[in-house]
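Please keep the sequence and the model in view while reading.

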Amino acid sequence: MAEMNEQLERLAYEYQLLQAQAQLLAQNLELLTLGRNEFQAVKETLEELKKVEEEKPEILVPIGAGSFLKAHIDDKENAIVSVGAGYAIEKNLDDAVRYLEERIKEYDEAIAKTQEALRKLEGQLGELAQKAQELQQRQAMGFSVKK
């Protein structure tokens, strides 16, 4: 009986560890999705800018707290894009869009890997829960009521 209790405790501990890992993966997945969506929005904005015929189109510049300033785009042929680690470079719109597409693809790959890892963890959690349930049933069968 003590052996079964030890096995149940060990399974509960493993389950908690896997659950914590799954929670971290889910949070990571959310962050990756947010990052991907941000790159997608920038790409779409630049693609739409290429279609604008005005020489200096008017835009709204966000300044925080849902507030904006009106401004004009002086150079609608180039964009300054972040390349990471606090650095940004100027690229023409076509190159900027291609760069953003590559980054989106990287995010998509990372999202797919994270989803797969999460699926595996969920499978392991299911197996552990099933083992624990089987142990509990065997333990319950071992008890008998004396008359």
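## An exposed alanine in a turn

Alanine 85 counts as exposed, because its relative accessibility of 76% is over the 50% cut-off for that class. The model is a predicted one, and in it alanine 85 is found in the loop between strand 3 and strand 4, the latter covering residues 87-92. Although alanine 85 is not a glycine, it has a positive phi of about 55°. Most residues other than glycine have a negative phi.

Strand 3 and strand 4 pair in the antiparallel sense, over 6 bridges. Within this pairing, valine 81 has isoleucine 89 of strand 4 as its bridge partner.

Which residue takes a positive phi in the hairpin of strand 1 and strand 2? With 2 residues between the strands, this hairpin has alanine 65 at a positive phi near 55°, although alanine 65 is not a glycine. Alanine 65 lies in the loop between strand 1 and strand 2, and it counts as exposed because its relative accessibility is 85%, a value over the 50% that the class requires.

## The largest pocket

Rolling a probe the size of a water molecule over the atoms shows where empty space is left. The largest pocket in the model has a volume of about 290 Å³. Of the 16 residues that line this pocket, Val42, Leu46, Ala79, Ile80 and Val81 are the closest to its centre.

Helix 1 (2-51), strand 3 (78-84) and helix 2 (93-142) each supply at least two residues of the lining, and the largest share, 7 residues, comes from helix 1. By residue class, the lining of the largest pocket divides into 11 nonpolar, 3 polar and 2 charged residues.

A pair of aromatic rings is described by the distance of the centres and the angle of the planes. The structure holds 1 aromatic pair. This pair is formed by phenylalanine 39 and tyrosine 107, whose ring centres are 5.5 Å apart and whose planes stand at 40°, so the pair is classed as tilted. The pair links distant parts of the chain, since phenylalanine 39 is in helix 1 and tyrosine 107 is in helix 2, 68 residues apart.

Leucine 93 is found in helix 2 and is buried, with a relative accessible area of 5%. Leaving aside its neighbours within four places in sequence, leucine 93 is in contact with Leu46, Leu49, Lys50, Lys76, Glu77, Asn78 and Ala79. Among these contacts, Leu46 and Ala79 are also named with the residues closest to the centre of the largest pocket. From C-alpha to C-alpha, leucine 93 and valine 81 are 10.0 Å apart in space, and they are 12 residues apart in sequence.

Threonine 114 also has its place in helix 2, and at 8% relative accessibility it counts as buried. Which residues does threonine 114 touch, not counting residues up to four places away in sequence? Threonine 114 touches Leu25, Asn28, Leu29 and Leu32 on that basis.

Technical notes. Residues numbered from 1 in each chain as written. Predicted model: local features only at pLDDT ≥ 70, side-chain atom pairs only at ≥ 80, totals over all residues. Heavy atoms only, no water. Pairing = 2+ DSSP bridges. Helix = DSSP H or I, 4+ residues; strand = E, 2+ residues; numbered from the N terminus. 1 Å grid on protein atoms, 1.4 Å probe; cavity = no way out; pocket = protein on both sides within 12 Å on 5 of 7 lines; lining within 4 Å. Points joined across faces, edges and corners; volume = space filled by probe spheres on them. Nonpolar A, V, L, I, M, F, W, Y, C, P; charged D, E, K, R; others polar. Phe/Tyr/Trp six-rings, centres within 6.5 Å; stacked < 30°, edge-to-face > 60°. Buried < 20%, exposed > 50% of the residue type's maximum accessible area, 1.4 Å probe, protein only. Contact = heavy atoms within 4.5 Å.
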